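Hi there,

Have a look at it first, and then read on.

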Amino acid sequence: MTIDTKNMISSILDSVSRIDYIKPEDLPNIDLYMDQVTTFMESQLASSKRYPEDKILTKTMINNYAKNNLLPSPEKKRYSKEHLLMLIFIYYFKNILSISDIQTLLGPITEKYFKSTGEKDLTYIYNEVFSMEHSRIEYLKKDLLKSYHTAQNTFEDADEEDKEFLRNFSFICLLSFDVYLKKMLIEHLIDDMRPEKPAGKRHKEKPPKAPKEK
């Protein structure tokens, strides 16, 4: 195990500790035009980018989300606080779910809570979901360390020059398997949300065309 690898794990855990979400009170109190939306999202979620040149959201992405019924159309080319909340959900979901799955998941939320005049509006949904964040981060840190130490105990009989690579490979496999299982569970839950379909026709239906992200 090299010093660089140890520093990498330490850096990852430190980054996990600093993970935060966009709080509703941080959202603008006025409707925004497209350029203002992309600028706001870029500034708020910049820390989640893998590379500095990556884009959080582009105009093309937002337009395609509206075309694919993931996001309600803006009013007079302006996006409300509710639009921003929906875009935050989409931003996180799009990394692991298909467009069709996101439609199924967010459709009922949009229909009942978008522009709701009652107390239980989209902000209520957002607050309730993201209030779980801090407890999950502590659990995640412990789980990451456990997986890391498990991986470090593999390949005891490997050639010395190969051990570091093989143990990192083990660590990646453990993390990937965890993601795979959770993704599979999420997909089953979303499938159960869909209306009943006649037997034999389920697999014949073509999913919506995925938006091009630029």
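Below is what I found at two helix contacts.

Please keep in mind that this is a predicted model. As you will know, a pair of packed helices is described by the angle between the axes and the distance that separates them.

Let me begin with H4 (residues 81-93) and H5 (residues 99-113), whose axes are 11 Å apart and form an angle of about 160°. Angles over 145 degrees count as roughly antiparallel, so H4 is roughly antiparallel to H5. The crossing of H4 past H5 is right-handed. On the H4 side, the contact is made by Met-86, Phe-89, Ile-90 and Phe-93, while H5 brings Ile-102, Leu-105, Leu-106 and Thr-110. By class, that contact has 7 nonpolar residues and 1 polar one, with no charged residues.

H5 also packs against H8 (residues 160-193), here at an angle of about 60° and with the axes 10 Å apart. That angle makes H5 oblique to H8. This time the crossing is left-handed. Asp-101, Thr-104 and Leu-105 are the H5 residues involved, and they meet Glu-187, Ile-190 and Met-193 of H8. Which classes of residue make up the contact of H5 with H8? There are 3 nonpolar, 1 polar and 2 charged residues.

Best wishes, and enjoy the model!

Key
Residues are numbered from 1 along each chain as its sequence is written. This is a predicted model: local features need pLDDT of at least 70, side-chain atom pairs count only at pLDDT 80 or more; totals for chains, interfaces and linings use all residues. Side-chain values use heavy atoms; hydrogens and water are left out. Axes are lines fitted to C-alpha atoms, for helices over the stretch in contact, and angles run from 0 to 180 degrees between N-to-C directions. Helices (H or I, at least four residues) and strands (E, at least two) are DSSP runs, numbered from the N terminus. Angles under 35 degrees count as roughly parallel, over 145 as roughly antiparallel, 65 to 115 as roughly perpendicular and the rest as oblique. A crossing is left-handed if the near helix is turned anticlockwise from the far one by less than a right angle, and right-handed if clockwise. Contact means heavy atoms within 4.5 Å. Ala, Val, Leu, Ile, Met, Phe, Trp, Tyr, Cys and Pro count as nonpolar, Asp, Glu, Lys and Arg as charged, and the others, Gly among them, as polar.
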